[in-house]
Amino acid sequence: MNNIDLERYTRQISLPEIGIDGQKKLSQTRVLIVGVGGLGSPISIYLTAAGVGTIGLIDNDVVSISNLHRQVLYGSSQVNMPKTDCAYNRLHNLNPNVIINTYNIRLDRNNAEKIFADYDYIVDACDNFATRYIINDVCKALHKTYVYGAIAQFHGQVAVFDYSSDVDYNTLYPDREYFENFKATQAPPVIGVTPAIVGILEVQQVLQLVCGFGSPLINELLVIDLLSFSMNRIKLG
C-alpha cells in the first residue's frame, strides 16, 4: 500500500478493528451492488470511499427528477442519463484507486450467475421482491454472502444471509409465488433519509464481514423504525 493510500485511509486505518491489514483486505475485496438508486447511492459512495478494491454496479434505469430527493449519487444535470454511467463518473472521481464495473442491464436468472461469480459479496439495493429471490438463489448456488436491505416510508430492514445456513430470504418471505408476482400499482412513498440510513448499515455489514470485527447481522434481521427511532434485532431461523 503506497503513501497516497495511507493518507487517504489514515482515519480508518487508525481504528484497531481495521488497521493496515483490514485495509488491505478491503482493497482485495470485490462487492457487487444490485441497484444504484436510493439504497445503492449511499452504499456505492461509502464502499468506494472505504477503499473496497472492486465494485460492480447493476442497474438499467436512467436518472429521473423524482429520484433526486433520495438518490444523492446524481445531480439535476444528469436527468435521463443512464445511472450506471453517472455513478461511474462520480465514484471514479471520489476514489480513482477503486475499480468500478458497470452493468447497464436488468438482473435476471439468465445473467445473474455469470455476473455474481466475479464477486465476493452481493449487496441488495434493489426495490422488488422478484429480484431479491434471484439474488438469494444465486448466492446460495455460488456460495456468496448476501447482504440484504429494504425500505418503505420510514422503515427499513437489514440482514446478512449466510449461504451455508438454511436461513435465507425465503425465511423472511416464504410465500414466494405471491411475492414474485407482486406488482406495485404506484411508486411507494419514502423519505430520503430512510434509504440513506439503511444503505449505510449495509455498508457497515460489508466492512465488518471483510475486516472481521464487531457482530454482523449474520442470519439476523435488524428492523428500523425512524418514526420512533427504534431498532430491533431479531434472530432468524
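A word on terms before clicking: buried means under 20% relative accessible area, exposed over 50%, and partly exposed in between, with a 1.4 Å probe and protein chains only. Helices are DSSP runs of H or I, at least four residues, numbered from the N terminus. The model is predicted, so to speak of local features takes pLDDT of at least 70 and side-chain atom pairs need pLDDT 80 or more, while totals for chains, interfaces and linings use all residues. Residues are numbered from 1 along each chain as its sequence is written, and side-chain values use heavy atoms, leaving out hydrogens and water.

**Stop 1: helix α3.** Select residues 40-50. Because 9 of its 11 residues are buried, α3 is largely enclosed by the rest of the structure. Among the buried ones are G40, S41, I45 and T48. Step on to G51, which follows α3 and has a positive phi, near 90°.

**Stop 2: helix α9.** For the contact (heavy atoms within 4.5 Å), show P42, I43, Y46, L47 and A50 in α3, which meet α9 residues including P195, I200, E202 and L207.

**Stop 3: a lining.** Which residues line the largest cavity? Select N136, C139, K140, K144, Y146, F161, D162, Y163 and D168. Helix α6 (residues 129-142) gives the most to this lining, with 3 residues. A cavity here is a set of points on a 1 Å grid over the protein atoms alone where a 1.4 Å probe fits but cannot get out, and lining residues have an atom within 4 Å of a point.

Terms used. Axes are lines fitted to C-alpha atoms, for helices over the stretch in contact, and angles run from 0 to 180 degrees between N-to-C directions. Helices (H or I, at least four residues) and strands (E, at least two) are DSSP runs, numbered from the N terminus. On a 1 Å grid over the protein atoms alone, a cavity is a set of points where a 1.4 Å probe fits but cannot get out, and a pocket is an open set with protein on both sides within 12 Å along at least five of seven lines; lining residues have an atom within 4 Å of a point.
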